[in-house]
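Dear colleague,

My notes on its strands and pockets follow.

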Amino acid sequence: SQTGYFFERLSHEEALDKLLEISDYRALCAERDALRKQGIHRGLGLCAFIELTTPGPAFYGVGGARISSQDGCTIKFEPSGTLTCMTGVTEQGQGTDTMIAQVVASAVGVAMEDVRVLTGDTMVSPYGGGTWASRGAGIGGEAALQTGKAIRANILNVAAAILECEPEDLDIRLGKIVDALTGEVRLDLAELGRVAYFRPDTLPKDFQAELTVTRHYVPRHQGFAFTNGIQLSHVEVDVETGFVRLLKHWCVEDCGRIINPRLVDEQIRGAIVQGIGAALYEHLVYDEQGQLLTGTMMDYLVPMAAEMPEIVVGHVETPTAYAEGGFKGAGEAGTAGAPGAVLNAVNDALAPFGARVTSQPITPEVVLKALGQLGSGLEIQHQASAGD
């Protein structure tokens, strides 16, 4: 970029192509143009966005702030054959526990239900930065992946010692030690745990089982990763009242390799709602003395379910080349694009009047003020008809 940021493998063109396809954009444009002749004013607004994710050491470290840019993960193989995973990233409702469990289960070769994830206890979890700035999967997930690979290798070493073969001859599939070539089950993980913890005397005297592993990960190749995408908003503006009605919203987003599609979709939808709130509702109002007048939820508007449109989410996957997992981040991407898409959609709806909104939130007062430059409501309708 002009300011020196390195944008790795962005996919705006691919995202735009997919968005135009899933929204049937040409049909929406034709419908908008037809409805304008009937005095119904709808608009379509596109917004391309880039969102910073997985901040590395340069983000706060250069300023001396003691905020950790790395994260750690500890995995303990239990005698029952299950795994306990302790991670520095925390669950805040975005699905961190599920994401970490999926990464660990996939890396080791066990079922998700055999992975117990513990977060938030700094007395036992490895040191890390926690959850912020879309870093859970990009940093915490990568730490979990590397720890999972390490514990898998150690489990296979124990299995090889028990079965008197080479670790390369074995694999872990569906929670079983199997022959790598034939898939034949050779050992149950619970039996491996029993031998390793309670009968290590039966193992070779020069062998030591290591079934608790900790790994840390810090992004070193770049200061940040960047997610990107395109959003489209479809609105209808009542030129008599200035009210903006949301009809539908689309987003095609690229957060790198997706771990859990449903979790990512819901994170994007929640973030879009937050962005819509900034575009249409949320406003800090102060009086002349600087007293906040919108200090309670009775005064400060936030978007509610009844006001929200259907939100359609699609994805392009461009894994980052600087981490084995290929994860970027998704938490804030929806918020980045929604305000611009809504603003552009409103201005598209107002285009026949030569009116333009340039501030947010786009309240009825803001819309009417923009339209008022053209005269009264009757004159507005007359000019709209003439323009059509």
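Thr-74 stands opposite Thr-214 in β8. The coordinates are a predicted model, in which local features need pLDDT of at least 70, side-chain atom pairs count only at pLDDT 80 or more, and totals for chains, interfaces and linings use all residues. Residues are numbered from 1 along each chain as its sequence is written, and side-chain values use heavy atoms, with hydrogens and water left out.

Strands around β2

Strand β2 (residues 71-77) and strand β8 (residues 212-217) pair in the antiparallel sense over 6 bridges. Strands here are DSSP runs of E with at least two residues, helices are runs of H or I with at least four, and both are numbered from the N terminus; two strands pair if DSSP finds at least two bridges between them. β2 is also joined to strand β3 (residues 83-87) by 5 antiparallel bridges, with Ile-75 opposite Cys-85. These two strands, β2 and β3, form a hairpin with 5 residues between them, and Gly-81 in the turn has a positive phi of about 90°. Because 6 of its 7 residues are buried, β2 is largely enclosed by the rest of the structure (buried means under 20% relative accessible area, with a 1.4 Å probe and protein chains only).

Strand β5 (residues 170-173) and strand β6 (residues 176-179) run antiparallel, joined by 4 bridges, and Asp-171 stands opposite Val-178. Their hairpin has 2 residues between the strands, with Leu-174 in the turn at a positive phi of about 55°. β6 pairs in the antiparallel sense with strand β7 (residues 185-188) over 3 bridges.

Pockets

A pocket is an open set of points on a 1 Å grid over the protein atoms alone, where a 1.4 Å probe fits, with protein on both sides within 12 Å along at least five of seven lines; lining residues have an atom within 4 Å of a point. The largest pocket holds about 380 Å³ of space, a volume being the space filled by probe spheres set on the points, which are joined across faces, edges and corners. Its lining has 25 residues, and Gln-94, Ala-137, Gln-267, Ala-330 and Gly-331 lie nearest the centre. Helix α7 (261-280) gives the largest share of this lining, 3 residues.

The second largest pocket holds about 200 Å³. It is lined by 15 residues, with Leu-280, Tyr-281, Leu-301, Thr-363 and Pro-364 closest to its centre.

Yours sincerely

Conventions
Buried means under 20% relative accessible area, exposed over 50%, partly exposed in between (1.4 Å probe, protein chains only).
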